[in-house]
Every structure is written in structure tokens, then in C-alpha cells.
Amino acid sequence: MTEYSVDGARLWSRLMDLAEIGASENGGSHRLALSQDDEDGRELFLAWCGNRSFTAVFDKIGNLFARRAGRNPAAPPVVIGSHLDTQPNGGRFDGVLGVLAGLEVLETLEDFAIATEAPVEIAVWTNEEGARFQPAMMGSGVHCGVHSLAEKLAVTDASGISVAQELERFGYAGGIEPGSRAIGSYLELHIEQGPILEQEDKTIGVVTGGQAIRWYSLAMSGEETHAGPMPMAMRRDPVRHLAAVTQLVYQIGLADPDARATVGVIETRPGSINVMPGQVRLSVDLRHPDEAALQRMHDALSEGIARLDKTADGVGISLKQIWHSPVVAFDPQLTGAVQASAAARGYATRDMVSGAGHDAFHLAKVVPATMIFVPCRGGISHNEQEYTAPEHVQAGANVLLDVALQMAGTQTPAGAAA
């Protein structure tokens with residue numbers, strides 16, 4: 001299984017080249033989904049695929065698929081995927097590592113003239129981050145039937161621009177139907193986005209599944225008024241109740257060491273220094289590796305908000321769940337293949353559950369799927385300082401290559417280089 005290895009220098013060079021598209025001031029990347037920078041990154045990826053004659057198609061939600069043919073064109077492909085969009089102040093590795101490691105796998109197959117029985121394909125999923133359009137993992141969700149295409153096309157960003165408008169602008173509206181592209185098995189390489197592998201000096205995270213996630217939109221409604229004339233006691237001020245709401249969220253998160261609770265967005269409206277806001281909107285993110293425990297967190301949040309709503313004089317407080325990703329279990333055969341590859345190459349491993357959401361979560365609902373993690377410095381991600389070492393990038397791509405070869409079935413022509 002370790003007869004072939006990827007070209008780590010080539011993969012690293014590609015990562016750095018793509019990072020220059022949407023490069024941010026402090027060394028990170030800014031490629032929001034379906035923005036011009038996101039499209040430019042996709043075009044560079046497609047150009048690299050075209051240099052090796054890999055065929056590419058796209059679907060109506062903007063997912064890209066680049067294929068290296070197999071000996072049996074009817075066989076469902078082994079698909080390696082991730083995303084190229086980033087957070088507003090994202091890093092150089094989140095998502096893009098999985099895509100470009102997939103390209104490196106295909107190029108390695110070409111370099112060594114390895115014929116696979118099944119095709120091997122790269123998927124670039126649309127709007128994995130959910131930073132510009134919600135929910136996250138949108139493209140893979142539509143592909144897997146988790147989301148309706150029509151509903152997601154109608155989603156708008158903060159400026160009122162819809163997913164459909166941006167897809168039309170970049171020419172994706174005429175693509176194939178989402179989900180019509182068969183997948184035999186799915187692999188995704190990603191940075192851990194946490195500190196465990198680095199702390200334990202492990203090279204490969206064998207990802208057995210993913211924790212459950214719920215997202216909420218929380219609104220507090222009062223009455224905006226001039227900051228000067230209105231007496232404090234007569235105000236219907238939602239900001240006055242903000243501390244109680246955030247305290248509730250963090251009490252829920254701190255009650256269980258495996259729980260996670262985050263308020264990621266706080267927005268006051270109209271947002272003027274001399275106007276008491278009439279509206280406050282918050283995002284809430286709850287996570288837990290146990291579905292029943294996450295349900296208890298949900299219940300505690302819902303009941304707590306209902307109590308606060310009753311006691312907030314003149315201010316209405318409401319909660320709406322906008323996304324739920326259940327606990328995910330990855331395919332045991334694939335996780336076993338990751339473990340076996342790492343052992344054969346001498347990479348130290350650790351079994352782990354993903355704390356972050358990934359496209360693989362949706363894929364695991366419909367096909368055998370798994371993920372491979374590599375360390376990231378300080379566990380920092382969704383941040384311009386995000387970093388993983390070149391040797392870890394290469395190690396993860398080598399494991400990805402091994403598992404893809406095992407799943408696709410190989411036949412090397414006589415006399416080919418090894």
C-alpha cells in the first residue's frame with residue numbers, strides 16, 4: 001500500500017499559489033462563497049485539472065467534479081472532496097487542503113501510470129463555510145438530498161443577493177442536476193481545527209464520526225429611540241437583556257465538558273451611536289458528540305429563552321433553529337483503511353470525533369465516507385494564522401492516496417515507474 005507517494009513539494013506549492021487569490025492582510029485568505037475571489041480560485045483549480053486532461057462538470061448548486069477515468073467507466077467513482085470557500089478572515093488550509101490533496105492524488109496516479117478500476121474524482125462543494133449564505137455545507141447538502149435545490153437557490157446574503165443570482169453570474173445555472181453524479185465512496189482530508197493531534201504528537205487523526213450541531217437565530221425586539229431624551233426607566237431596550245441571554249448560552253455550554261456553545265454574531269439595529277437599538281440579533285451554535293445530550297442542550301436553551309421572554313419588560317425574545325446536523329458515524333471499512341495506511345507508513349495516529357462540521361457529514365448519510373485529519377498549529381482555524389506543516393500535509397495526502405487506491409482498485413501497466 002505504500003509503494004507510491006505524493007509529491008509533497010508540488011502540493012505545498014499549489015496551496016501557496018491558491019492562497020494568493022483572496023489573500024488577506026495578515027497572511028490568510030478571504031474567499032467568501034460565490035464571490036469573485038471564490039470563482040477565481042475555482043478557475044485556477046480547473047486550469048490545473050485541465051493541464052492533466054481531467055474532465056470537469058458542475059451542477060446547478062455550483063458543485064464541481066473533476067474526474068480521472070477508470071478502466072470501468074460504469075463503476076461509481078471514489079470521490080475525494082472538500083471546499084475552496086473560506087471564512088471572512090480564514091486561513092490557507094481549511095477546505096483547500098482537501099481539494100488540492102485530491103488533485104495531488106490524481107496527479108500521482110498520472111505520474112506513475114496507475115490504472116484504477118473505478119474512476120477517481122475530486123469534488124469541490126459550494127458554500128461549505130456558511131459565512132456568506134446559510135446554512136453551511138450547502139452544496140453537499142443539496143447533492144445528498146438533505147436540502148431542496150429551490151430553497152437554497154432562494155437564500156440571500158446580508159446584501160440581499162441570492163445564491164441563484166451568483167450562480168447565474170458565474171455560469172452554473174445550466175449545470176447537471178444535483179445528486180445525479182454517482183459516488184461509490186467519499187474521502188476528505190482536513191486540518192483538525194483543534195489542538196489534540198499537536199498536543200499528543202500524532203500525525204494522522206482517524207476520524208470515526210462527527211458531533212451533532214444545531215444553529216439558531218435569536219432575536220430581541222424592543223423600540224428604538226433617541227439616546228438622549230428618553231428616560232432610562234421608560235425604554236424598551238433589548239440590549240439591557242443581552243447579558244442574560246449570553247449567560248444562558250454559556251451556562252449550557254459549561255455544564256458538560258463535551259458540550260460546545262458559541263455566540264458568534266451579535267448585531268444591533270439600526271446600529272447608530274446615538275440611537276437606542278430596537279432590535280438585537282444573535283447567532284447561537286450548540287454542539288455535542290451525543291445526540292441525546294444535544295437535545296437536552298436544545299431544551300435548556302428553548303426553555304431558558306421562554307423564561308427570559310416572560311420577564312423582559314417591553315422586550316420580546318424569540319429563538320428559531322435554522323440548522324441541525326445530527327451525529328455522524330463514518331464507515332468502519334474506510335476508517336480501518338486510514339488506520340492501516342498510517343501504520344504502514346509509520347505515522348502515529350489517534351482516533352477522534354470531529355468537532356467541526358464538514359461536507360463528509362452529508363455524504364456519510366448516502367455513501368460510505370470518512371475523513372483524515374492532520375495537525376494544525378495551536379489548534380487555530382477560521383483564522384489568518386491557521387497553519388499546518390508541509391510534512392503533515394504530505395503525510396495526510398499519502399494516506400489519502402493509499403485509501404483511494406484501495407477503494408478504486410489498481411492495475412499498474414508493466415514497466416511503469418514505481
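1. Leaving aside neighbours within four places in sequence, Leu 15 is in contact with Arg 92, Phe 93, Val 96, Leu 97, Leu 100 and Val 393, where contact means heavy atoms within 4.5 Å. The model is a predicted one, in which local features need pLDDT of at least 70 and side-chain atom pairs count only at pLDDT 80 or more, while totals for chains, interfaces and linings use all residues. Residues are numbered from 1 along each chain as its sequence is written, and side-chain values use heavy atoms, with hydrogens and water left out.

2. Leu 15 also belongs to the largest nonpolar core, which has 66 residues; together with Phe 45, Leu 100 and Ile 204, Leu 15 touches the most other members. Such a core is a set of buried Ala, Val, Leu, Ile, Met, Phe, Trp, Tyr and Cys residues joined through side-chain atoms within 4.5 Å. Buried stands for under 20% relative accessible area, exposed for over 50%, and partly exposed for values in between (1.4 Å probe, protein chains only). Helix H12 (residues 390-408) supplies the largest share of this core, ten residues. Helices (H or I, at least four residues) and strands (E, at least two) are DSSP runs, numbered from the N terminus.

3. The axes of H1 and H3 come within 10 Å and cross at roughly 140°. Axes are lines fitted to C-alpha atoms, for helices over the stretch in contact, and angles run from 0 to 180 degrees between N-to-C directions. H1 and H3 are therefore oblique to each other; angles under 35 degrees count as roughly parallel, over 145 as roughly antiparallel, 65 to 115 as roughly perpendicular and the rest as oblique. On the H1 side the contact involves Arg 10, Leu 11, Arg 14, Leu 15 and Leu 18. The residues contributed by H3 include Val 96, Leu 97, Leu 100 and Ala 101.

4. Nine aromatic pairs are found in a search of the whole structure. Rings of Phe, Tyr and Trp (its six-membered ring) pair if their centres lie within 6.5 Å; planes under 30 degrees apart count as stacked, over 60 as edge-to-face and the rest as tilted. The pair of Phe 93 and Tyr 387 is edge-to-face, because the ring centres are 6.0 Å apart and the planes stand at 85°. Phe 93 lies in the loop between strand S3 (78-82) and helix H3 (96-111), and Tyr 387 in the loop between strand S17 (369-374) and H12, so the pair ties together parts that are 294 residues apart in sequence. Phe 93 is buried, at 1% relative accessible area, whereas Tyr 387 is partly exposed, at 27%.

5. Two peptide bonds deserve a check by eye. The bond from Gln 134 to Pro 135 is cis, with omega near 10°, and Pro 135 is found in the loop between strand S5 (120-124) and helix H4 (138-143). The bond from Arg 269 to Pro 270 is likewise cis, with omega near 10°; Pro 270 is found in the loop between strand S11 (266-269) and strand S12 (275-276).

6. Positive phi values also occur outside glycine. Asp 201 has phi near 55° and lies in the loop between helix H7 (196-199) and strand S7 (204-210); its relative accessibility of 65% makes it exposed. His 382 has a positive phi of about 55°, lies in the loop between S17 and H12, and counts as partly exposed at 42% relative accessibility.
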